[in-house]
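Here's a quick briefing to read with the model open beside you. Have a look at it first, then work through the notes below.

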Amino acid sequence: MAKLTIIETGLWDVPRNEIIRAESPEIYAENRRYTIIGYCVLIQDRQLGNVLWDTGIAQDWENGWPEQFKRDYKIRRLNSLTGKLAELGMTVEDIDLLICSHLHYDHAGNVKQFKNTHAGQKVLISQAEAQEAFSRVAMSPSGVSGAYFRDEIIMQGIGYETISEDTWISDDIFLFIQRGHTPGVLGMIVRTGENGNFMFVSDAAYSKLNFGPPIVFPGLCVDEDAYRTNIIRLRLLKETYDAKIIFGHDVEDFAQWKTSPFYYE
Ligand SMILES: [Zn+2]
């Protein structure tokens, strides 16, 4: 059974319209803010070693973000990933496998920290996400397309491996592909010992509110039918594996979980 440590990476404000599709044109026009939380997960796995799921917002975001991005996304608190790993007595060199649920700025922002490391040679993502992210940033003259930053995900010293179907990558880690928020957000189930199973859904369900029932659609969604179908599948998976579900960015719901240096096993 795996040991699981949830690492909180920050708190920031985003346009509410991204998280909750505006109920009316008036609400859309108001352009309200919404506060969200981010996290990474460290899994100490019997077969794979130290597995890191997601990397958070870039530690050097102030240098890399365009001005408009800084206005739209206001950082309240940011924990550096390497600092958080150091608190656990680890560096990026200690990570054996890096997985990105998807390649948006708040999940892949610190992939660059893994340049030329063992894990950085084969960052695991879904095939659908690779196709979406790499083609979008390639076609954008500025290198920024939606929430994808070319400079954060494509560089010398970083390579990717993809999966195109749901896979148990070890006895205790199951990865599954979710279409909706993007074409291929990875979800993950981790089996621990006495604390049971955990399911990380990333941005396929930002929050308990989106998850429902009833489902509340986010503004950011590439495929509404697939989003709905996936939420229904998540409810079934939760039942089947008797799993605790951890949403992508839910401040209130997140407060119930232990975070690093505390862990589940
Ligand atoms: Zn996100």
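Predicted model: local features only at pLDDT ≥ 70, side-chain atom pairs only at ≥ 80, totals over all residues.

S142 counts as exposed, at 55% relative accessibility; exposed means over 50% relative accessible area, buried under 20%, and partly exposed in between (1.4 Å probe, protein chains only). S142 sits in the loop between helix 7 (127-139) and strand 7 (144-145), where helices (H or I, at least four residues) and strands (E, at least two) are DSSP runs numbered from the N terminus.

Residues are numbered from 1 along each chain as its sequence is written, and side-chain values use heavy atoms, with hydrogens and water left out.

**Overall build**

- The protein has 11 helices and 14 strands. Its radius of gyration is 17 Å, close to the 18 Å that the globule rule gives for 265 residues, so it is as compact as a globular protein of that length; the radius is taken over C-alpha atoms, and the rule is 2.2 Å times the number of residues to the power 0.38.
- Along the principal axes, the C-alpha atoms fill a box of roughly 50 × 40 × 35 Å.
- Buried residues make up 55% of the 265 residues.
- Of the contacts with a separation of 6 or more, 68% are between residues 24 or more positions apart; contact means heavy atoms within 4.5 Å.

**Charges and salt bridges**

- There are 26 positive and 37 negative side chains, and the centres of the two sets lie 3 Å apart. Lys and Arg count as positive and Asp and Glu as negative, with His and the chain ends not counted; each charge is placed at NZ of Lys, CZ of Arg, CG of Asp or CD of Glu.
- The structure holds 16 salt bridges, each being a side-chain nitrogen of Lys or Arg within 4 Å of a carboxyl oxygen of Asp or Glu.
- E87 pairs with K84 in one of them, with the closest N and O atoms 3.8 Å apart. Both lie in helix 5 (residues 81-87), 3 residues apart, about one turn of the helix. E87 is exposed at 53% relative accessibility, whereas K84 is buried at 15%.
- D223 and R179 form a salt bridge at 2.9 Å between the closest N and O atoms. This pair links distant parts of the chain, 44 residues apart: D223 is in the loop between helix 9 (208-211) and helix 10 (224-240), and R179 is in the loop between strand 11 (173-178) and strand 12 (185-191).
- R228 and D225 meet in a salt bridge at 3.2 Å, N to O. Both are in helix 10, 3 residues apart. Salt bridges that share partners join R21, E224, D225 and R228 into one network.

- Most residues other than glycine have a negative phi, and most peptide bonds are trans.
- The G212 to P213 peptide bond is cis, with omega near 0 degrees, and P213 is in the loop between helix 9 and helix 10.
- S260 and P261 are also joined by a cis peptide bond, with omega about 10 degrees. P261 falls in the segment after helix 11 (251-254).
- N31 is not a glycine, yet has a positive phi of about 50 degrees. Its place is the loop between helix 2 (25-30) and strand 2 (33-45), and N31 is partly exposed at 40%.
- D242, not a glycine either, has a positive phi of about 45 degrees. D242 is exposed at 64%.
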